[in-house]
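Subject: Structure handover, pockets

Hello,

Please find the structure below. My notes on its pockets follow.

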Amino acid sequence: MSDATGALPHYRMYIDGDWIDTEDRFEIINPASEKSVATAARGTVGHADQAVAAALRAHRRGEWRDTPPEERAAIMSRIVELLSERMDELVELHVAENGVTVRQAMAFHVGYAISHLQYFADLARTYAFETPGPVLGYPTTAAGVVRREPIGVVAGIVPWNFPLLLAVWKLGPALAAGNCIVIKPDEKTPATLLELAKAAEEAGLPRGVLNVVTGAGAEVGARLAAHPDVRKIAFTGSTAVGREVARLAADNVKRVTLELGGKGPNIVLPDADVETAADAALFACCLYQGQACEAGTRLLLPDSLHDEFVAKLIARAQSIRVGDPADFDTDVGPIISARQKIRIAEYIELGQTEGAKLAFQGTVPDGPGHWIAPTIFTGVTNDMRIAREEVFGPVLCVLRYSTVDEAVAIANDTEYGLSAGVWGEDIDTALEVAGRIESGTVWINDWHMVNAQYPFGGYKQSGVGRELGPHALDEYTEEKFVHIDLSRSRDRRVYDLVVPRAEEPS
Ligand code: NAD
């Protein structure tokens with residue numbers, strides 16, 4: 001990523017249409033090489049305040065709010081075009097800054113980010129920003145108009161695992177609805193979002209409408225959550241920090257969307273195709289090294305299939321290639337940081353202490369990098385901490401069940417409820433089981449397919465609210481009801497608009 005002179009790229013913040021630098025800088029470390037690949041400005045609480053003030057001025061100027069939705073959509077589509085042109089660059093940047101493998105970056109981290117932003121642009125064109133209708137049972141002829149108006153200044157806080165995609169899930173609906181947004185990436189992974197800010201500037205997004213502040217979570221993030229001029233906060237990250245964000249937001253009754261952790265149960269039904277389900281169980285657990293909130297980490301096998309399934313699982317796991325994420329043939333890359341690696345390794349120790357059997361552990365490359373190979377525990381029971389807590393690494397817990405009722409009970413015996421899976425040939429049975437799982441998403445014979453046109457979010461402590469889907473803009477708008485007494489106006493235009501078939505007022 002260095003230029004011809006060997007200098008590392010440096011990322012400045014984007015506030016009020018200006019590129020802001022600081023003397024103090026973060027280093028962006030490639031987790032595979034442990035080498036610095038870029039630096040970024042280290043924003044402070046003062047920069048968060050500056051960005052909120054800029055967003056508020058932009059909101060009050062009204063140029064974005066008052067831009068017709070089709071024109072907002074056109075600018076957003078232009079950002080999509082610019083990002084698409086830079087797809088290779090964004091993939092390379094992702095691989096370098098968060099260690100995702102190149103294939104997964106193309107499909108998920110960057111591929112989804114671009115297509116999901118296009119979805120929000122299209123949604124701006126079709127969303128019902130204004131719904132007129134007659135008021136029934138009122139003594140004179142009256143009409144009601146329900147309007148969906150931008151909230152004002154919204155803020156987003158995103159983690160390091162899908163830094164561009166999860167930012168798009170916030171800035172996409174925020175911009176489509178006419179809001180101004182301040183967004184904070186994780187300290188380790190600011191680069192891809194700042195590339196998006198460059199594209200937004202080039203596409204002609206007015207100044208102050210999108211602001212990106214880099215900085216520490218406990219400072220910049222906490223300030224955004226608490227700031228009185230931020231009317232809504234959308235947070236993705238750990239449940240512990242999500243609770244803190246909700247507490248800070250409560251002081252000024254902010255609207256809050258939280259996308260938090262998960263402990264996805266993957267129920268294999270007795271009629272499942274073992275070969276396919278075993279392969280997919282590893283994909284469910286190991287995508288992006290298991291550092292995905294929606295990962296399938298608790299594999300529930302029926303007694304009838306258990307031994308055959310585990311044998312297939314281990315045979316397949318042996319062929320997983322762990323190594324350089326920039327290599328197209330690599331399946332599993334590095335863990336984001338030394339700290340996370342130690343945390344995962346501690347869970348692997350703990351699993352053995354708790355009495356689970358370490359049935360498989362792959363090998364990791366020699367040399368630098370934070371590596372944890374795919375790991376499979378069998379003999380796990382749902383009371384063990386490795387079955388209850390989010391490990392956030394490629395660690396699969398295999399649990400057994402005798403009856404489907406028992407499987408559903410185990411699946412639901414968790415504080416989380418973000419994602420789940422059901423595997424089986426008979427779709428009616430799989431659908432019936434899916435209906436009993438307390439989870440925001442249930443995949444049947446699939447995993448990780450997050451579709452922009454369908455909602456994503458969690459039951460229980462996996463979150464509050466939903467991102468994506470046709471109602472995503474509901475979370476970024478205030479609903480206003482306007483009552484018009486038509487008998488008190490001779491304005492036929494308004495009358496025809498709202499109640500075209502109603503009787504003329506006397
Ligand atoms: P984290 O909660 O530590 O950090 C997430 C973001 O919050 C970062 O930008 C961080 O700087 C910021 N932050 C940290 N402390 C803060 C504070 N006191 N106030 C405000 N902001 C603060 O999470 P992480 O460890 O970086 O990410 C992994 C977690 O995110 C996992 O638990 C995972 O399940 C969750 N996650 C959830 C989803 C989802 O959609 N549900 C998606 C990705 C990750």
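Which element gives the largest share of the lining of the largest pocket? That element is α8, with 7 residues. Helices (H or I, at least four residues) and strands (E, at least two) are DSSP runs, numbered from the N terminus.

This is a predicted model, in which local features need pLDDT of at least 70 and side-chain atom pairs count only at pLDDT 80 or more, while totals for chains, interfaces and linings use all residues. Residues are numbered from 1 along each chain as its sequence is written, and side-chain values use heavy atoms, with hydrogens and water left out.

A pocket is an open set of points on a 1 Å grid over the protein atoms alone, where a 1.4 Å probe fits, with protein on both sides within 12 Å along at least five of seven lines; lining residues have an atom within 4 Å of a point.

The largest pocket holds about 1,000 Å³ of space. It is lined by 46 residues, and Gly-237, Ser-238, Thr-239, Ala-240 and Val-241 are the closest to its centre. Domain 1 (10–260 + 460–477) and domain 2 (265–444) both contribute to this lining, so the largest pocket lies between them. The domain bounds come from an automatic or database domain assignment.

The second largest pocket is lined by 14 residues, including Arg-103, Gln-104 and Phe-283 among the closest to its centre. Its largest share, 4 residues, is from α9. The second largest pocket also lies between domain 1 and domain 2, because both give residues to its lining.

Regards

Technical notes:
Points joined across faces, edges and corners; volume = space filled by probe spheres on them.
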